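Let's take a walk through this protein model together.

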Amino acid sequence: MSRSPGRIPKEIDDLIWKLTEDGTPAAFDQFRARYPEYAKTLGNRLQMVDRLKGSRPMAEKVQVPKFRPTAVQSVSRPFWSPLAVGMVGVAVAAVITTAFLYLPRSSAPKQVINRETPSVAQGFAPNGEETPKQTGSDQTIPEQHKPTVPPSIQDSGNGSDDRPAYLAPQTLAIRNAKLSLVVEAVAQQGKFSVSIGPGLADPVISVDYRGVNSIEILQDLGRQYAFTPFDQGDGTVIIVPARDPNAEPLDKSVDSTPATPTP
Amino acid sequence: MTLPETNTSENVPVVSAALDRTKSPSFDEDVLLVDRFLAGDQGAFEQLYARYHDKVFAIARGVLLDQEEAADAVQEIFTLVLRNLVRFDKRSRFSTWLFRVAVNRSIQQARRARFKYKHVELTEANDRVQPEEPEYADPKVHTAMQKLSPNDRALLVLFYWDELSLNEIAESLACNVNAAKTRLYRARERFRLFYDEVEDE
C-alpha cells in the first residue's frame with residue numbers, strides 16, 4: 001500500500017482519519033469490508049495515533065514538583081533587538097542633528113537693522129559699471145530672509161519699531177539710477193506700492209538720504225523732479241508728474257543729501 | 001439549634017440557585033479558586049497548580065521535546081499566571097486561559113531553543129554527554145514530532161495528549177473553530193508524513 005496521500009482518495013483519507021479519531025470496532029470492520037484495499041492503511045493509521053497518544057507523559061511518571069516562582073526570561077525579543085534599537089536611536093539622532101544644523105528654522109530671529117546707521121552701503125549698477133559692495137551684518141542674513149528689494153537698495157526698514165514702514169526713518173544711498181527705479185526702491189523700502197503716471201521725466205540720478213522716512217523722500221524727490229506723490233489710502237502711492245505748489249521743503253534737521261542728477 | 005424560620009425560607013432559593021450554578025456546564029470551579037487567590041488565599045493557587053501541572057507539563061514537553069526544559073517551562077508558565085491572574089477576565093474558562101499561556105510560552109521557548117541549538121559549534125555538540133537511556137518511550141513518535149514546527153506540535157499535544165475539544169483548542173490558540181480545525185488537520189497530516197518517513201528509514 002502506498003503511503004502517498006495522493007493515491008488515497010480524499011474522501012477515503014478523511015474517513016480513515018475520522019475512524020482513527022472516533023471509530024469503534026464495528027466501524028472498523030465495516031470499513032475493512034467495504035474498502036479492503038485500504039484496510040492496511042487504516043491499521044497503520046490507528047497504530048500511529050495510538051502511539052502518538054501513548055507518548056503523552058503519564059501523570060504517575062511525573063512527580064509534581066513544588067511550585068517555585070522563577071524569573072521569567074524574556075523570549076519575545078530576538079538577541080539582536082538591543083542592537084536594532086541602538087541603531088534606530090543613532091539614526092534618529094543623526095536626522096535631528098542634521099535638521100537642526102542645516103534646515104531653515106521657522107522661528108528664525110528677525111534681523112534687526114539700525115535704520116539710523118546703515119550697515120550696508122553699496123552701489124547700484126544698472127549698467128554693470130559698479131559691483132555691489134557688501135559689508136557688515138548683511139553677510140549673515142540667510143538667503144531666504146534677504147529682502148526682496150533690488151540689491152541696490154539698502155535694507156533698513158525691518159526694525160522692531162511699531163511705526164509703519166513708510167514712516168520709519170530710512171537710509172537710501174543710490175548712485176546712477178533712473179528716477180523711476182529710485183522711486184520704486186523708496187516704495188519697496190517703505191512697504192507700499194507705487195504707480196507712476198505717464199509723462200514723468202526719468203533722468204539718471206544719485207541720492208543719499210539718511211534718517212528720512214519714505215514719504216518724505218518721495219516728497220523731496222517730487223520737489224526736485226516735478227512730481228507729486230498722492231497716497232491713495234490703500235497702500236498705493238500715485239506719482240503724478242506735476243509739482244505740488246503747496247509742498248514744503250524737506251526738514252533740514254535730518255541728514256539728507258538731495259538727489260543730484262547724474263549727467 | 002435551629003435557624004430562624006424566616007432565614008431558612010429566604011436561604012433556600014439562594015442555596016438552590018448556587019447549587020444550580022455549580023451544575024451548569026458553564027460553571028468554572030477554577031474561577032472560585034482564582035477569586036480566593038485574589039482575595040489573599042495563597043493556598044488557592046497551589047490547588048490550581050496541582051490541578052493543572054500535568055496538563056501544562058504535557059504541553060510544554062510536547063512542544064519543547066525535552067523533559068528538563070519542559071519542567072523549567074512549567075515553572076515559568078505558572079509564574080506568569082501568578083503574576084497576571086488579576087488580568088484574567090473570566091470570559092473564558094480558566095483552563096483555556098492557562099493553556100493559552102502555556103502554548104504561547106512553550107512555542108516561544110522552543111523557537112529560542114531551536115535558534116540556540118542551531119548555533120552550537122560542532123565540537124561542542126560532540127562533547128555533550130549522551131543520555132544513558134532514551135528519554136522517550138517511543139523514539140519514532142519523538143523523531144516525527146521533532147520535525148514538526150512548535151506550532152504544529154502544540155496543536156497535536158492539545159488534541160491528542162490533553163484531549164481538548166476543537167472549541168477549547170480554538171480558545172487556547174485565540175482563533176476561531178474552523179481555523180483551529182484546519183490547522184489541526186494540517187498538523188496531523190504533516191505528522192503522518194514525517195512518521196511514515198521515520199518508518200522508511
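A salt bridge is a side-chain nitrogen of Lys or Arg within 4 Å of a carboxyl oxygen of Asp or Glu. With that in hand, a search of the whole structure, which is a predicted model, turns up 18 salt bridges over all chains. Here are some of them.

| Salt bridge | N to O distance |
|---|---|
| Arg45(A) and Asp13(A) | 2.9 Å |
| Arg223(A) and Asp220(A) | 3.6 Å |
| Arg91(B) and Asp89(B) | 2.8 Å |
| Arg51(A) and Asp138(B) | 2.7 Å |

Start with the pair Arg45(A) and Asp13(A), which meet in a salt bridge. The two partners tie together distant parts of the chain: Arg45(A) is in helix α3 (residues 39-54) of chain A and Asp13(A) is in helix α1 (residues 10-22) of chain A, 32 residues apart. Are these two residues buried or exposed? Arg45(A) is buried, because its relative accessible area is 3%. Asp13(A) counts as buried too, because its relative accessibility is 9%.

Arg223(A) and Asp220(A) are another story. They sit 3 residues apart in helix α6 (residues 214-225) of chain A, so about one helical turn separates them. Both Arg223(A) and Asp220(A) are buried.

Arg91(B) counts as exposed because its relative accessibility is 74%, while Asp89(B), at 42%, counts as partly exposed.

Now for the place where the chains meet. How many residues does each chain bring to the contact? Chain A gives 32 residues and chain B gives 39 residues. About 3500 Å² is buried between chain A and chain B, and carbon and sulfur atoms give 58% of that area.

What about chain A as a whole? Chain A has 6 helices and 6 strands, and along the sequence they run α-α-α-α-β-α-β-β-α-β-β-β. Of its 263 residues, 31% are buried. Chain A exposes about 16200 Å², with carbon and sulfur atoms supplying 57% of that. On its surface, Val88(A), Val92(A) and Ile96(A) form a nonpolar patch with about 270 Å² of accessible area together. Ile96(A) is in helix α4 (residues 81-102) of chain A, and it counts as exposed because its relative accessibility is 53%.

Next, the inside. In soluble globular proteins, nonpolar side chains tend to be buried together. The largest nonpolar core here has 60 residues, and those touching the most other members are Phe78(B), Val81(B), Leu85(B), Phe94(B), Leu98(B), Met145(B) and Phe191(B). Helix α3 (residues 42-64) of chain B supplies the largest share of this core, 12 residues. Apart from this core lies another, of 22 residues, including Leu172(A), Leu179(A), Leu218(A) and Ile239(A).

Finally, look at helix α8 (residues 150-161) of chain B, which is mostly covered, with 10 of its 12 residues buried. Among them are Leu155(B), Leu156(B), Tyr160(B) and Trp161(B). After α8(B) comes Glu163(B), whose phi is positive, near 55°.

Methods: Residues are numbered from 1 along each chain as its sequence is written. Chains are lettered from A and ligands numbered from 1 in the order in which they are written. This is a predicted model: local features need pLDDT of at least 70, side-chain atom pairs count only at pLDDT 80 or more; totals for chains, interfaces and linings use all residues. Side-chain values use heavy atoms; hydrogens and water are left out. Patches are made of residues with over 30% relative accessible area and no salt bridge: like charges are joined within 9 Å, nonpolar side chains (Val, Leu, Ile, Met, Phe, Trp, Tyr) within 5 Å. Accessible areas come from the Shrake-Rupley method with a 1.4 Å probe; for residues, only the protein chains shown count as cover. Helices (H or I, at least four residues) and strands (E, at least two) are DSSP runs, numbered from the N terminus. Buried means under 20% relative accessible area, exposed over 50%, partly exposed in between (1.4 Å probe, protein chains only). A nonpolar core is a set of buried Ala, Val, Leu, Ile, Met, Phe, Trp, Tyr and Cys residues joined through side-chain atoms within 4.5 Å. Contact means heavy atoms within 4.5 Å. Buried area is the accessible area (1.4 Å probe) that two parts lose on being put together, summed over both.
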